[in-house]
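Dear colleague,

Please find below the structure that I am handing over to you. My findings follow directly after it.

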Amino acid sequence: MAVDYASATLEYGATPETLTLLEFMKRITGADDTVDDEYTLYLQLAGEAAESFADNKLVRQEASERFPLVNTPISLRYDPVESITSVTIDGDDVTTDWSLYSSDGVYYAENGFDAGDPFKQLVITYSAGYDPLPADVGYAIVKVAITISENAAAPSSGIKKEVINGVGSVEYLTPADVSGSDVGLLSPATVGTLMRYRRLNA
């Protein structure tokens, strides 16, 4: 199931205030509820771009991984992990036999087996990501969404240089001139923020 980034929350302040990313984006831009559908789309694009760059789960969601039934513990791909929600071996539920622990920021699933049948399919489903989002991640996603919104509202005319005879000329910066260090939709500042949340293990 796709993550709804517009409904994801962040907290900030000494007396924490909780806002959805959609509410936060409207607060920054001063927009009213008439833009909800449009902003929801922009937040979805921004959130997916951020998560793709981080190669990790940012908004809390379920993740499932498949393994051959071999040695444990098994390092889980995404972090942080809140809990293991289910473990099956060839479709049989063995969740109660498994536990979760972490070491140096890497999360592991463990059941005490030294080895098993590598021809059996082990599936581990777990809840990974943040709820609420860290404030810097939420802000970064909203800023990307605002940039997408501004670009959609004011598409480039394609004019780079304007000359007025006898007066002079004016040359404009285009998106291509200023975005050379961007990563897709993400600005260098956003990339810098997301580097802290990139996936640690292979």
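In which sense do strand E3 (residues 61–68) and E9 pair, and over how many bridges? The pairing of E3 with E9 is antiparallel and runs over 8 bridges. Two strands are taken to pair if DSSP finds at least two bridges between them; helices (H or I, at least four residues) and strands (E, at least two) are DSSP runs, numbered from the N terminus.

Before the details, a note on the basis of these values. This is a predicted model, in which local features need pLDDT of at least 70 and side-chain atom pairs count only at pLDDT 80 or more, whereas totals for chains, interfaces and linings use all residues. Residues are numbered from 1 along each chain as its sequence is written, and side-chain values use heavy atoms, with hydrogens and water left out.

The sheet

Strands of a sheet pair through backbone hydrogen bonds, either parallel or antiparallel. Here, an open sheet of 4 strands has the order E3-E9-E5-E6, with antiparallel pairing. Its edge strands are E3 and E6 (92–93), each of which pairs on one side only. E5 and E6 pair in the antiparallel sense over 2 bridges, with Thr 88 opposite Asp 93 in E6.

Strand E9 (residues 121–128) is largely enclosed by the rest of the structure, because 7 of its 8 residues are buried. In these assignments, buried means under 20% relative accessible area, exposed means over 50%, and partly exposed lies in between (1.4 Å probe, protein chains only).

Salt bridges

A salt bridge is counted where a side-chain nitrogen of Lys or Arg lies within 4 Å of a carboxyl oxygen of Asp or Glu. By this rule there are 8 salt bridges, among them the following.

- Arg 27 and Glu 17 meet through their side chains at 3.1 Å, N to O. Arg 27 lies in helix H1 (residues 21–29) and Glu 17 in strand E2 (residues 17–20), so the pair ties together parts that are 10 residues apart in sequence. Arg 27 is partly exposed at 46% relative accessible area, and Glu 17 is partly exposed at 31%.
- Arg 199 and Asp 55 form a salt bridge at 2.4 Å, N to O. This pair links distant parts of the chain, 144 residues apart: Arg 199 is in the segment after helix H5 (188–194), and Asp 55 is in the loop between helix H2 (36–54) and E3. Arg 199 is buried, at 19%, whereas Asp 55 is partly exposed, at 28%.
- Asp 33 and Lys 26 form a salt bridge whose closest N and O atoms are 2.7 Å apart. Asp 33 is exposed, at 57%, while Lys 26 is buried, at 12%. Lys 26, Asp 33 and Asp 36 are linked in a network of salt bridges.

Surface patch

Leu 41, Leu 45 and Leu 185 form a nonpolar patch on the surface, with about 260 Å² of accessible area together. Patches are made of residues with over 30% relative accessible area and no salt bridge, like charges being joined within 9 Å and nonpolar side chains (Val, Leu, Ile, Met, Phe, Trp, Tyr) within 5 Å. Accessible areas come from the Shrake-Rupley method with a 1.4 Å probe, and for residues only the protein chains shown count as cover. Leu 185 is placed in the loop between helix H4 (175–178) and H5 and is partly exposed, at 46%.

Yours sincerely
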